[in-house]
Amino acid sequence: MTVRVSALALVVPDYDEALTFYVGKLGFRLVEDIDQGRKRWVTVEPSGGGVRLLLARAEGKVQQAAIGNQAGGRVFLFLETDDFARDHAAMLAAGVEFEEAPRHEPYGSVAVWRDPFGNRWDLIGPRAG
């Protein structure tokens, strides 16, 4: 049997606001946007592929409270790049807010940033060889 994680639900306040950020600013690819009546099935993926994000519009107070805090304040998502300096500069130019300056760890270059909804991400590049 072959199994894999294909998507991860990310609770957002609004589908179109999330698409504006992930597709418009970060350059993710819109994979699906299917109207299901009162909700939509919206998936995006980074340009290099990988696990897709299912953008899930929050319904009700409990889900609204989870926006930006799905991992209890920890870094929740990890965006891997083959060129850290290029993508860090592009993200800054697109208005992405980083919490720190890039740092170099044994596993590679890394900087923590937040999406507009409060989710903490790592931008990670390959370690210097």
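**Exercise 1. How many helices and strands make up the secondary structure of the protein chain?**

Solution. This is a predicted model, in which local features need pLDDT of at least 70, side-chain atom pairs count only at pLDDT 80 or more, and totals for chains, interfaces and linings use all residues. Residues are numbered from 1 along each chain as its sequence is written, and side-chain values use heavy atoms, with hydrogens and water left out.

Step 1. Elements are DSSP runs numbered from the N terminus: helices are H or I with at least four residues, strands are E with at least two.
Step 2. The protein chain has three helices and nine strands.
Step 3. Their order from the N terminus is β-α-β-β-β-α-β-α-β-β-β-β.
Step 4. The radius of gyration is 15 Å, close to the 14 Å that the globule rule gives for 129 residues, so the protein chain is as compact as a globular protein of that length. The radius is taken over C-alpha atoms, and the rule is 2.2 Å times the number of residues to the power 0.38.

**Exercise 2. State which strands pair with S4, and in which direction they run.**

Solution.
Step 1. Two strands pair if DSSP finds at least two bridges between them.
Step 2. Strand S1 (residues 7–12) is joined to S4 (residues 52–57) by six bridges, and the two run parallel. Val11 has Ala56 as its bridge partner in S4.
Step 3. Strand S3 (residues 40–45) is joined to S4 by three bridges, and these two run antiparallel. Here Thr43 has Leu54 as its bridge partner in S4.
Step 4. S3 and S4 form a hairpin with six residues between them, and Gly49 in the turn has a positive phi of about 85°.

**Exercise 3. Find the residues that make the nonpolar surface patch of about 240 Å², and describe the exposure of Val5 and Leu8.**

Solution.
Step 1. Patch residues have over 30% relative accessible area and no salt bridge; like charges are joined within 9 Å, and nonpolar side chains (Val, Leu, Ile, Met, Phe, Trp, Tyr) within 5 Å. A salt bridge is a side-chain nitrogen of Lys or Arg within 4 Å of a carboxyl oxygen of Asp or Glu.
Step 2. Accessible areas come from the Shrake-Rupley method with a 1.4 Å probe; for residues, only the protein chains shown count as cover.
Step 3. The patch is made by Val5, Leu8 and Val51.
Step 4. Buried means under 20% relative accessible area, exposed over 50%, and partly exposed in between.
Step 5. Val5 lies in the segment before S1 and counts as exposed because its relative accessibility is 59%. Leu8, in S1, is partly exposed because its relative accessible area is 32%.

Note on methods
Buried < 20%, exposed > 50% of the residue type's maximum accessible area, 1.4 Å probe, protein only.
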